[in-house]
Amino acid sequence: MSGILSFPSIVLPDWCSTSSCRRGVRMAAAHTTHAGLSLEAMAIKPPSHPTYDLNGIVKLALAEDAGNRGDVTCMATIPVDMEVEACFLAKEDGIIAGIALAEMVFQEVDPSLKVEWSREDGDYVCKGLQFGKVYGRAHSIVVAERIALNFMQRMSGIATLTKAMADAAYPAYILETRKTAPGLRLVDKWAVLIGGGRNHRLGLFDMVLIKDNHISIAGGISNALRSVDQYLERENLQMEVEVETRTLVEVKEVLQYSSQMKTSLTRIMLDNMVIPLPNGDVDMSMLKEAVELINGKFETEASGNVTLKTVHKIGQTGVTYISSGALTHSVTALDISLKIDTGLALEVGRRTKRA
């Protein structure tokens, strides 16, 4: 995806426009748990991956922060046995994500910490809302703070953009791609789910995706499809197969192959068939013609030139899916903080127009 994304205002529910939201809400209805969350208790579960270790990612993030000495500032300024309460504060409107992962961070640093939330992953938060608290040893809270926030801010940014894209794309489904931060593949794709999107393939192992380079090396699109079908049969594998097409000629060749051969093909990608126009609009005629040619024989996926401005029009063409790399490769983090002195934090936030 190219160009600069424009971010329209997200319509928030009624509770998020009240003065009580700006001041923060009472936690009476919140659930309280020890830091750490079972998979079953998560509001939206992470994608299933055969080798990815979420706990390992949390440990790695904490280890790179601690280095070989630990938090020297905390050790110098905070008494070991001091206990405090810190509040999570949203500094802008959006979809909150990463709550479950933040709890894993607190659990790893200090299992005695207790966390309380008034929102859960996938909920709207509005600027100025206090949506969670953590209680316990001050030293542990401050050590965990930045890592928990880094995960939450990135995931919330992804979820917020995904929600806007998914709503605009309807009735098509919005997908991310493999254009994720190295090492954070599952985290980024989890955030897409939290935002209401769907996951494309997790990696190279769970779906066959025949792209332009595969086609060039194989000597054509029919040769590439034939090789895939032979490989899957030989290895006795059953999985989804998608092929990338860039022209209507390639779409017709795929359809001709599938009419003559038994194939495992399940989806056709229609790449860069949304044509930008000089006046800033887009021409959908090529994409529409491709969808009509396929006529429901296979799932379809539109990719290329997908923005918040174009995604609604793309979704009206009849495609099954719309994929956008920008959901994860161009993420703008949602501004969230964790403050012990929330009164002062709100005062500063109002002064800087961030609360």
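Predicted model: local features only at pLDDT ≥ 70, side-chain atom pairs only at ≥ 80, totals over all residues.
**Notebook: a first look around the chain**

I started at Lys-313, which counts as partly exposed at 38% relative accessibility. My scale for this: buried is under 20% relative accessible area, exposed is over 50%, and partly exposed is in between, with a 1.4 Å probe and protein chains only.

Residues are numbered from 1 along each chain as its sequence is written, and side-chain values use heavy atoms, with hydrogens and water left out.

**Entry: the partner of Lys-313**

I looked up who pairs with Lys-313, and found a salt bridge to Asp-281, with the closest N and O atoms 2.6 Å apart. Asp-281 sits in the loop between β11 (275–276) and β12 (282–283), while Lys-313 is in helix α11 (residues 311–315), so this pair ties together parts that are 32 residues apart in sequence. A salt bridge here is a side-chain nitrogen of Lys or Arg within 4 Å of a carboxyl oxygen of Asp or Glu. Helices (H or I, at least four residues) and strands (E, at least two) are DSSP runs, numbered from the N terminus.

**Entry: other salt bridges**

By that rule I get 12 salt bridges. In general, side chains of opposite charge can pair when their charged atoms come close.

I picked out Glu-301 and Arg-267, whose side chains meet at 3.2 Å, N to O. Glu-301 belongs to strand β13 (residues 299–303) and Arg-267 to strand β10 (residues 267–271), so this bridge ties together parts 34 residues apart in sequence. Are these two buried or exposed? Both Glu-301 and Arg-267 are buried. They also belong to a salt-bridge network that links Glu-240, Glu-242, Arg-267, Glu-299 and Glu-301.

Then I checked Lys-163 and Asp-167, which form a salt bridge at 3.3 Å, N to O. Both are in helix α5, 4 residues apart, about one turn of the helix. Lys-163 is partly exposed at 25%, and Asp-167 is partly exposed at 47%.

**Entry: the nonpolar cores**

Next I wanted the inside. A nonpolar core means a set of buried Ala, Val, Leu, Ile, Met, Phe, Trp, Tyr and Cys residues joined through side-chain atoms within 4.5 Å. The largest one has 53 residues, and Leu-101, Phe-106, Phe-131, Phe-151 and Met-152 touch the most other members. Which helix gives this core its largest share? Helix α5 (residues 138–169) does, with 11 residues. The core draws at least three residues from each of domain 1 (54–158 + 333–352) and domain 2 (164–330); those bounds come from an automatic or database domain assignment. I also found a second, separate core of 43 residues, with Val-243, Ala-290, Val-306 and Ile-314 among them.

I zoomed in on Met-152. Leaving out residues up to four places away in sequence, its contacts (heavy atoms within 4.5 Å) include Phe-88, Trp-117, Phe-131 and Ile-336.

**Entry: cysteines and a buried lysine**

How many disulfides are there? I count 0, a disulfide being a pair of cysteine sulfur atoms within 2.5 Å. Cys-74 is buried at 3%, and Cys-87 is buried at 4%.

**Entry: backbone spots**

I found a cis peptide bond from Tyr-170 to Pro-171, with omega near 10°. Pro-171 is in the loop between α5 and β7 (173–175).

Asn-236 has phi near 55°, positive in a residue other than glycine. I placed it in the loop between α8 (221–234) and β9 (241–245), where it is exposed at 70%. Asn-295 also has a positive phi near 55°. Its loop runs between α10 (285–294) and β13, and Asn-295 is exposed at 58%.

**Entry: whole-chain tallies**

I logged 13 helices and 15 strands. Buried residues make up 49% of the 355 in the chain. The accessible surface, by the Shrake-Rupley method with a 1.4 Å probe, is about 17300 Å², and 51% of that belongs to carbon and sulfur atoms.
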